Amino acid sequence: MLFDTHAHLHFPEFAADLPAVIQRARAAGVRWMLTIGTNLETSRAAVALADQESDLYAAIGIHPHDASEANEVAVDELQRVAESSPRVVAIGEMGLDFFRNLSPRDVQVEVFRRQLALARRLGKPALIHCREAHPETLEILRVEGVREVGGIMHCFSGDAAVARQCLDLGLFLSLAGPVTYPSARKLAEVAKLVPQDRLVVETDCPFLPPQPYRGKRNEPAYLAITAARVAELKGVPVEELGPLMATNALTLLGIQPPPGR
Ligand SMILES: [Zn+2]
Ligand SMILES: [Zn+2]
């Protein structure tokens with residue numbers, strides 16, 4: 001039993017065959033999926049999809065790439081979207097991306113801080129996107145009190161030292177397809193270091209497929225490959241680690257597991 005903690009299933013890449021994608025996910029043991037908004041429009045689409053599918057939940061937020069298009073009232077509007085459905089279980093993705101810099105850095109910082117304040121106001125965990133901006137991101141998370149609501153460093157891309165700082169802030173770390181790449185020595189070290197009760201996995205689909213599917217569209221069914229690699233690195237059977245990581249996600253997101261677990 002696996003939980004894909006970061007997917008973009010409402011993106012156009014899945015418009016033609018989403019029911020088949022969800023079927024394959026179920027067949028591969030992916031029992032829960034969190035579909036993630038990146039601006040107001042895709043956040044509304046994430047909620048609409050989660051309202052229809054029993055194994056899907058939604059997170060709503062403004063990605064750093066989209067920060068420059070978020071106006072003064074965008075975060076207020078996010079709050080209305082969050083309050084529109086019980087399927088909204090987290091705020092994000094939000095954060096800093098100093099690799100692509102698609103929005104000016106000061107605007108990214110401002111929109112990130114406002115969303116962390118929203119997460120605190122709503123008492124929902126924060127889903128953090130961070131690329132080439134670890135010191136700045138960690139400082140903002142500290143100042144804005146992320147510890148109060150908890151959160152996930154999604155598609156973790158830092159080293160062991162950054163991982164330790166995230167753990168100190170009370171965050172979960174999420175590993176994605178890149179941990180399966182033969183060159184991923186840093187991520188292998190991180191997988192070994194993070195305690196089982198602070199680890200989750202994700203696809204970030206349609207992006208970042210695991211090794212056998214590189215260059216293709218990613219989908220939740222491939223989470224089994226990433227989970228198997230993480231389990232191998234930790235020296236634990238995936239049949240054990242998968243449900244443990246799913247329980248971590250269910251607990252953080254406040255989702256009731258089905259009876260019998
Ligand atoms: Zn991201
Ligand atoms: Zn994403």
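Select P206 in the loop between strand 8 (199–201) and helix 8; helices (H or I, at least four residues) and strands (E, at least two) are DSSP runs, numbered from the N terminus. This is a predicted model, in which local features need pLDDT of at least 70 and side-chain atom pairs count only at pLDDT 80 or more, while totals for chains, interfaces and linings use all residues. Residues are numbered from 1 along each chain as its sequence is written, and chains are lettered from A and ligands numbered from 1 in the order in which they are written.

The peptide bond between C205 and P206 is cis, with omega about 10°. Now pick D204, in the loop between strand 8 and helix 8. Its phi is near 55°, a positive value in a residue other than glycine. D204 counts as buried because it has 23 C-beta neighbours inside 10 Å (buried means 20 or more other C-beta atoms within 10 Å, exposed 12 or fewer, partly exposed in between, with C-beta atoms placed from the backbone). L208 lies in the loop between strand 8 and helix 8, and its phi, near 50°, is positive too. L208 is buried, with 20 other C-beta atoms within 10 Å.

Next, show helix 8 (residues 223–234) and helix 9 (residues 238–253), whose axes come within 9 Å and cross at roughly 110°. Axes are lines fitted to C-alpha atoms, for helices over the stretch in contact, and angles run from 0 to 180 degrees between N-to-C directions. Helix 8 is therefore roughly perpendicular to helix 9 (65 to 115 degrees; under 35 is roughly parallel, over 145 roughly antiparallel, the rest oblique). For the contact, select A227, A228, V230, A231 and K234 of helix 8 with V238, L241 and G242 of helix 9; two residues are in contact if their C-beta atoms, placed from the backbone, lie within 7 Å.

Move to A188 in helix 7 (residues 185–193). A188 is partly exposed, with 19 other C-beta atoms within 10 Å. Leaving aside neighbours within four places in sequence, A188 is in contact with V179 and L233.

Then select strand 7 (residues 172–175): F172 and S174 point one way, L173 and L175 the other, and all are buried. Strand 6 (residues 151–153) runs parallel to strand 7, joined by two bridges (strands pair if DSSP finds at least two bridges between them). M153 stands opposite L173.

Finish at strand 4 (residues 88–97), where E93 is placed. The peptide bond from G92 to E93 is cis, with omega near 20°.
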